[in-house]
Amino acid sequence: MKPVESSSIAAVGHDPGRRVLSIRFKSGETYHYQDVGEDVHAALIGAKSVGSHFQKHIRNRFKAIKA
């Protein structure tokens, strides 16, 4: 997990072998998003607004498991 600049997201990590995107929110909760490719991860961490990108492109598109 690497810290990111965001008002809602604290850190983001990605396991390319398992295709799992992990997001730790500022609230302290962590979610693991399933079947997420490296391209999606790269777009997220490279986004001008990480939180907005997450809301628009990841939140309701991938199955999430709360850690």
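Tutor: Let us begin with contact, which means heavy atoms within 4.5 Å. This is a predicted model, in which local features need pLDDT of at least 70 and side-chain atom pairs count only at pLDDT 80 or more, while totals for chains, interfaces and linings use all residues. Residues are numbered from 1 along each chain as its sequence is written, and side-chain values use heavy atoms, with hydrogens and water left out.

Student: Which residues does Ser-22 touch by that criterion?

Tutor: Leaving aside residues up to four places away in sequence, Ser-22 touches Met-1, Ala-11, Val-12, Gly-13, Tyr-31 and His-32.

Student: What makes the pair Ser-22 and His-32 a polar contact?

Tutor: A polar contact is a pair of N or O atoms within 3.5 Å; within protein, one must be able to donate a hydrogen and the other to accept it, and residues adjacent in sequence count only if both atoms are side-chain atoms. The side chains of Ser-22 and His-32 make such a contact at 2.7 Å.

Student: How do you know where Ser-22 sits in the sheet, and what stands opposite Ser-22?

Tutor: Helices (H or I, at least four residues) and strands (E, at least two) are DSSP runs, numbered from the N terminus, and Ser-22 lies in strand β3, residues 20-25. Two strands pair if DSSP finds at least two bridges between them, and β2 and β3 pair in the antiparallel sense over six bridges. Gly-13 stands opposite Ser-22.

Student: What is the order of the strands in the sheet?

Tutor: The five strands form an open sheet, β1-β2-β3-β4-β5, with antiparallel pairing. The edge strands are β1 (2-3) and β5 (64-66), each of which pairs on one side only.

Student: What makes the largest nonpolar core a core, and how many residues has it?

Tutor: A nonpolar core is a set of buried Ala, Val, Leu, Ile, Met, Phe, Trp, Tyr and Cys residues joined through side-chain atoms within 4.5 Å. The largest one has 13 residues, and those with the most contacts inside it include Leu-21, Ile-23 and Leu-44. β3 supplies the largest share of this core, three residues.

Terms used. Buried means under 20% relative accessible area, exposed over 50%, partly exposed in between (1.4 Å probe, protein chains only).
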